[in-house]
Amino acid sequence: MSIKQSYELAKKEYEKWGINVDEALEKLKQVPISIHCWQGDDVSGFEVNKGELSGGIDVTGNYPGKARTPEELRSDLEKALTLIPGKHRVNLHAIYAETNGEVVERDKLEPKHFENWVNWAKENGLGLDFNPTLFSHEKSADGLTLSHPDQEIREFWINHCIASRKIAEYFGKELGSPTLTNIWIPDGYKDVPSDRLTPRVRLKESLDKIFEEEIDEQYNIDAVESKLFGIGSESYVVGSHEFYLGYALKNNKLCLLDTGHYHPTEMVSNKISAMLLYSDKLALHVSRPVRWDSDHVVTLDDELKEIALEIVRNDALEKVMIGLDFFDASINRVAAWTIGTRNMIKSLLNAMLVPNDHLKQLQEEGNFTERLALIEEFKTYPFGAIWDYYCEQMGVPVKETWLEDVKKYEKEVLSNR
Ligand SMILES: C[C@H](O)[C@H](O)[C@@H](O)C(=O)CO
Ligand SMILES: [Mn+2]
């Protein structure tokens with residue numbers, strides 16, 4: 001049976017429940033995923049005086065073929081993008097600046113240092129997102145940045161974040177779509193603090209200075225990302241969830257929820273509807289924590305499906321800015337992007353192929369038996385046939401055939417590095 005024939009049969013199954021499959025596929029095409037560049041080079045970046053990865057995050061594995069230059073990273077991203085259906089965005093960190101061999105301190109970074117990225121994004125029809133990098137640097141060696149007791153150090157990082165917002169504004173203007181600029185800081189303490197308040201007061205003041213200058217939301221949207229703990233900040237993180245939730249609501253900023261930044265049984269899927277009652281938009285870093293914030297490649301697991309359901313059934317596709325955040329150096333990095341991003345898209349399609357309105361109605365009626373029965377039965381509906389057809393229509397490999405492309409690329413390109 002051809003992919004189209006399987007699709008037609010599967011479509012009929014969904015149509016019985018009033019689900020318009022063609023409409024769902026059209027909708028899916030419009031959803032951009034922000035693909036993080038840092039999976040391609042293990043969060044190394046291209047700074048001339050680059051430091052070791054720090055900030056309480058870690059990349060493990062030494063699979064060959066890591067990108068060593070901006071050209072290699074862009075070429076690897078291009079490869080991955082040929083295997084992922086849809087038009088997406090690329091998420092950059094400040095450490096991916098190109099400074100022509102010159103040492104440019106992070107507080108002095110300018111749009112011109114990202115010109116190649118912008119030209120490349122234009123050529124490939126991509127949007128760009130951005131992050132100031134407040135780790136892997138001598139001025140964050142003690143694990144503190146925007147909340148540092150030393151005013152000079154704080155000023156340095158404030159100026160870096162201000163410079164980053166200007167770079168993001170430039171991206172937004174050049175590419176005609178707003179850049180999401182996300183601030184994440186590693187600040188925290190290994191051991192039980194004797195004062196939790198003072199660092200938070202300083203972080204609040206630093207953020208106020210960073211956001212002093214208004215930037216048109218047509219070009220730049222600001223987000224703040226919280227965390228629970230990191231390596232070396234096990235007991236206390238200054239920018240906790242509650243800290244940023246309050247800050248974002250009061251200052252009209254977006255909260256960015258990283259799925260690896262909560263207690264192991266605390267689910268981001270359960271936060272989306274609550275937060276969207278009080279905020280027009282929110283942002284995600286979809287990751288996969290395995291026992292800790294390990295940033296494993298995203299799989300099509302229950303929580304990913306639940307996150308997608310919450311976005312789709314609450315009509316929030318334009319309110320939730322979906323980004324990815326994982327970095328696995330133990331497998332082929334192009335495959336990592338491909339697996340994780342395809343899974344994110346698959347989860348959205350899956351959510352569109354569920355009779356969401358009917359299930360909501362059942363809940364309202366207190367019919368929990370039917371609610372559970374249908375949720376479970378839909379798990380084995382022929383979703384794969386719809387996904388395969390979507391891939392074919394979008395001109396990307398169907399099923400696991402993309403692996404052949406990755407193997408070829410590994411043989412011809414990655415293995416020569
Ligand atoms: C590269 C980092 O993962 C990223 O900046 C941040 O989003 C994070 O999640 C730190 O744990
Ligand atoms: Mn993150």
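This is a predicted model: local features need pLDDT of at least 70, side-chain atom pairs count only at pLDDT 80 or more; totals for chains, interfaces and linings use all residues.
**Exercise 1. The second largest pocket**

Solution. 
- Next, the lining. It is made up of 27 residues, and Pro32, Leu317, Glu318, Val320 and Met321 are the closest to the pocket centre.
- Then the strands. At least two lining residues come from each of strand 2 (89-93), strand 3 (127-131), strand 4 (179-183), strand 9 and strand 10.
- Strand 10 gives the most, with four residues.
- Finally, the classes. The lining of this second largest pocket has 13 nonpolar, eight polar and six charged residues.

**Exercise 2. The largest pocket**

Task: Find which helix gives the most to the lining of the largest pocket, and which domains the lining draws on.

Solution. 
- Start with the space. The largest pocket has about 690 Å³.
- Its lining counts 23 residues. Nearest the centre lie Glu306, Leu309, Arg313, Leu359 and Ile375.
- Assign them to elements. Helix 9 (302-313), helix 11 (356-364) and helix 12 (368-378) are the elements that give two or more residues to this lining.
- Helix 9 gives the most, with six residues.
- Now the domains. Domain 1 (1-30 + 356-417) and domain 2 (33-352) each provide at least three residues of the lining of the largest pocket.
- By class, nine of the lining residues are nonpolar, five are polar and nine are charged.

**Exercise 3. The manganese site**

Task: Identify the residues that coordinate the manganese ion (ligand 2), and explain why the arrangement is octahedral.

Solution. 
- List the donors. Glu225 (OE), Asp258 (OD), His285 (ND1) and Asp325 (OD) coordinate the manganese ion (ligand 2), at 2.1 to 2.2 Å.
- Check the angles. The six donor atoms around the manganese ion (ligand 2) subtend 71 to 169°, so the arrangement is octahedral.
- The cut-offs for six donors are these: opposite donors over 155 degrees apart, and all others between 65 and 115.
- Read the spacing. Along the sequence, the donor residues follow the pattern E-x32-D-x26-H-x39-D.
- His285 and Asp325 are both buried.

**Exercise 4. Cavities**

Task: Count the cavities of 30 Å³ or more, and characterise the largest cavity and the second largest cavity.

Solution. 
- The count is five cavities of 30 Å³ or more.
- The largest cavity has a volume of about 150 Å³.
- It is lined by 18 residues, with Ile57, His93, Trp184, Glu225 and Asp325 nearest its centre.
- Compare with the metal site: Glu225 and Asp325 are also among the residues that coordinate the manganese ion (ligand 2).
- The lining of the largest cavity divides into seven nonpolar, five polar and six charged residues.
- The second largest cavity contains about 70 Å³ of space.
- Its lining residues include Glu47, Asn49, Ala94, Thr99, Glu102 and Leu109.
- By class, the lining of the second largest cavity has seven nonpolar, two polar and two charged residues.

**Exercise 5. Val354**

Task: Decide whether Val354 is buried or exposed, and locate it.

Solution. 
- Val354 belongs to the loop between helix 10 and helix 11.
- Its relative accessibility is 14%. The cut-off for buried is under 20%. Therefore Val354 counts as buried.
- Relate Val354 to Glu376. The two are 22 residues apart in sequence, and their C-alpha atoms are 11 Å apart in space.

Key:
Residues are numbered from 1 along each chain as its sequence is written. Chains are lettered from A and ligands numbered from 1 in the order in which they are written. Side-chain values use heavy atoms; hydrogens and water are left out. Donors are N, O and S atoms within 2.8 Å of the metal (3.2 Å for Na, K and Ca); water is not among the atoms, so sites may look incomplete. Four donors count as tetrahedral if all angles lie between 85 and 135 degrees; four count as square planar and six as octahedral if opposite donors are over 155 degrees apart and all others between 65 and 115; anything else is irregular. Buried means under 20% relative accessible area, exposed over 50%, partly exposed in between (1.4 Å probe, protein chains only). On a 1 Å grid over the protein atoms alone, a cavity is a set of points where a 1.4 Å probe fits but cannot get out, and a pocket is an open set with protein on both sides within 12 Å along at least five of seven lines; lining residues have an atom within 4 Å of a point. Grid points are joined across faces, edges and corners, and a volume is the space filled by probe spheres set on the points. Ala, Val, Leu, Ile, Met, Phe, Trp, Tyr, Cys and Pro count as nonpolar, Asp, Glu, Lys and Arg as charged, and the others, Gly among them, as polar. Domain bounds come from an automatic or database domain assignment.
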